[in-house]
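Here is a short briefing on one protein chain and its ligand. Keep the structure open while you read.

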Amino acid sequence: MPEPILPKALKKFDPKDENPCAGCSNCCEYVSLEIDRPTDLTDFDQIFWYLVHKDVWVYIDDEKDWYIQFNTPCDKLVEQRCGFYPHRPQLCRDYEPETCVRYGDGDPEEYLFKNETDLFNYLSKKRPKLYAKMKKKYELQKAKKEKALA
Ligand code: SF4
Ligand code: SF4
């Protein structure tokens, strides 16, 4: 099973490029929040729950911090440009292309989980005992449900 690892750099930053954001609106298309690092089965069950939701991802950055990401574009985005530029929040003002996800050096994810399969693949490699518990738990639940429906 492949580990859900993202490439570190999508593009090399060129300081002479006058419009490094051309054709990109990546950083305006999601909201991410740091979450507690999961340690036990209950914590990973919660991550599993996040990941069965549409357009919700979880990632681990290069400092091993965990984040939840909601893939929902900013309401002020107009044709890949900020339609609110003079009024945009400070967080948007502080974000620099040199350190963004497109150019690769800013906040490269170590792992990106787009769904529960990515999480289980990660756990099978990194936390095999916990993975075995999760596998057993959900297979048992599935078996019980099927029996109840029969
Ligand atoms: S800062 Fe980076 S991610 Fe955001 S629009 Fe520009 S190139 Fe894209
Ligand atoms: S306010 Fe503008 S810069 Fe900030 S996320 Fe929305 S579109 Fe992007």
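A residue counts as buried if 20 or more other C-beta atoms lie within 10 Å of its own, with C-beta atoms placed from the backbone. By that test, 11% of the 150 residues of the protein chain are buried. The model is predicted.

**Overall layout**
- The protein chain holds four helices and six strands.
- Read from the N terminus, its elements follow the order β-α-β-β-β-β-α-β-α-α.
- Take the contacts in the protein chain with a separation of 6 or more: 69% of them join residues 24 or more positions apart.

**Strand pairing around E3**
- E3 covers residues 66–70 and pairs with E1, residues 31–35. The sense is antiparallel, and five bridges link the two strands.
- Within that pairing, glutamate 34 has tyrosine 67 in E3 as its bridge partner.
- E3 also pairs with E2, residues 56–61, again antiparallel and over five bridges.
- Here tryptophan 66 in E3 stands opposite isoleucine 60.
- E2 and E3 make a hairpin, with four residues between the strands. Lysine 64 sits in the turn and has a positive phi of about 70°.
- In a regular strand, side chains alternate between the two faces of the sheet.

Terms used:
Residues numbered from 1 in each chain as written. Chains lettered and ligands numbered in written order. Predicted model: local features only at pLDDT ≥ 70, side-chain atom pairs only at ≥ 80, totals over all residues. Pairing = 2+ DSSP bridges. Buried ≥ 20, exposed ≤ 12 C-beta atoms within 10 Å, placed from the backbone. Contact = placed C-beta atoms within 7 Å.
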